[in-house]
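Biologist: Hi, I have just opened this one and I'm new to it. Could you walk me through it?

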Amino acid sequence: MKKIIFTIAMLVLAFAVKTNAQIIDTVVCYSFTYTGDSTLEGMTVYAYDTHNNKTLEKTFHYDTINNEMIADSKHEWAYDENNYLTMEASYSMNHTTGIWKGQEKFTYSYDTSGKKIEEIKYGWDTATVDWIYAQKTGYSYDTGGNELLEIKYVWDTTSNNWIYSEKCE
């Protein structure tokens with residue numbers, strides 16, 4: 001049990017050192033078969049920026065053979081100076097290679113009034129082990145802030161250009 005607590009403490013401490021001005025919160029989960037009996041299942045580590053926006057959520061399962069937490073998934077969020085969400089991404093851990101594999105990523109841009117004007121969706125390229133364009137949506141609004149137009153594009157990997165795919169007005 002001491003090794004478990006030490007492993008958790010070291011993991012949180014190592015994470016806290018890397019995050020600079022971020023606030024760290026951890027939830028440790030146990031399962032119960034009957035009152036008084038518990039089995040460690042895993043934990044989730046959360047990080048928040050100075051505006052209390054969640055910037056990271058990382059989940060772990062407990063390996064009972066090696067008595068250690070094993071990373072399973074992580075979600076990341078980023079915000080601009082106006083506190084608008086500018087990026088969100090999710091990853092899963094490849095337990096064979098120990099490398100994070102991207103699942104889905106979105107980036108967002110906003111106009112001066114805070115309306116979303118662009119959303120870009122990315123996919124994961126296993127060859128380059130990096131994000132690649134998948135789809136882009138542009139938005140325009142009238143002076144009252146009502147959406148006038150939504151235009152969608154898909155990324156063409158052959159021409160390396162956005163290809164018009166849908167328009168809603």
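Predicted model: local features only at pLDDT ≥ 70, side-chain atom pairs only at ≥ 80, totals over all residues.

Biologist: Thanks! How many helices and strands are there in the protein chain?

Modeller: The protein chain has one helix and 10 strands. Along the sequence the pattern is α-β-β-β-β-β-β-β-β-β-β.

Biologist: And what share of the residues counts as buried?

Modeller: Of the 169 residues in the protein chain, 31% count as buried. The chain exposes about 10,800 Å², and carbon and sulfur atoms supply 51% of that area.

Biologist: What about contacts between residues 24 or more positions apart?

Modeller: Such pairs account for 21% of the contacts with a separation of 6 or more in the protein chain.

Biologist: Let's go inside. Which residues have the most contacts in the largest nonpolar core?

Modeller: Those are F60, M69, Y91 and W131, in a core of 16 residues. The elements giving two or more residues to this core are β2 (39-48), β3 (54-63), β4 (68-79), β5 (85-94) and β7 (116-125). Strand β5 gives the most, with four residues.

Biologist: What is W131 in contact with, apart from its neighbours within four places in sequence?

Modeller: Quite a list: A89, S90, Y91, G102, Q103, E104, K105, Y122, G123 and W124. As for G102, it is 29 residues from W131 along the chain, yet their C-alpha atoms are separated by 7.3 Å.

Biologist: Y91 keeps coming up. What kind of aromatic pair do Y91 and W131 form?

Modeller: There are 10 aromatic pairs in the whole structure. The one formed by Y91 and W131 is edge-to-face, with 5.5 Å centre to centre and 65° between the planes. Y91 lies in strand β5 and W131 in strand β8, so the pair ties together parts that are 40 residues apart in sequence. Both residues are buried. Their side chains are also joined by a polar contact of 3.3 Å.

Biologist: Which residue lies over the face of Y91?

Modeller: That is K74, at 4.9 Å from the ring centre of Y91. Elsewhere, the charged end of K105 sits over the ring of Y122, 5.0 Å from its centre.

Biologist: Changing topic to glutamates. Is E57 buried or exposed?

Modeller: E57, in strand β3, counts as buried at 17% relative accessibility. Its side chain is joined to that of K54 by a polar contact of 2.8 Å. Leaving aside neighbours within four places in sequence, E57 is in contact with T44, V45, Y46, S73, K74, H75 and W77.

Biologist: And E150, the one you started with: is E150 buried or exposed?

Modeller: E150 is buried, with a relative accessible area of 17%. Beyond neighbours within four places in sequence, E150 is in contact with T137, G138, Y139, E166, K167 and C168. E150 and E166 are 16 residues apart in sequence, and 8.1 Å apart in space from C-alpha to C-alpha.

Biologist: Where is N160, and what is its phi?

Modeller: N160 is in the loop between β9 (147-156) and β10 (161-168). Its phi is near 55°, a positive value in a residue other than glycine. At 49% relative accessibility, N160 counts as partly exposed.

Biologist: Great, thanks for the tour!

Terms used:
Residues numbered from 1 in each chain as written. Heavy atoms only, no water. Buried < 20%, exposed > 50% of the residue type's maximum accessible area, 1.4 Å probe, protein only. Contact = heavy atoms within 4.5 Å. Areas by Shrake-Rupley, 256 points an atom, 1.4 Å probe, with all protein chains shown as cover. Core = buried A, V, L, I, M, F, W, Y, C linked by side-chain atoms within 4.5 Å. Polar contact = N/O pair within 3.5 Å; in protein donor to acceptor, adjacent residues only side chain to side chain. Phe/Tyr/Trp six-rings, centres within 6.5 Å; stacked < 30°, edge-to-face > 60°. Lys NZ or Arg CZ within 6 Å of the ring centre and 35° of its normal.
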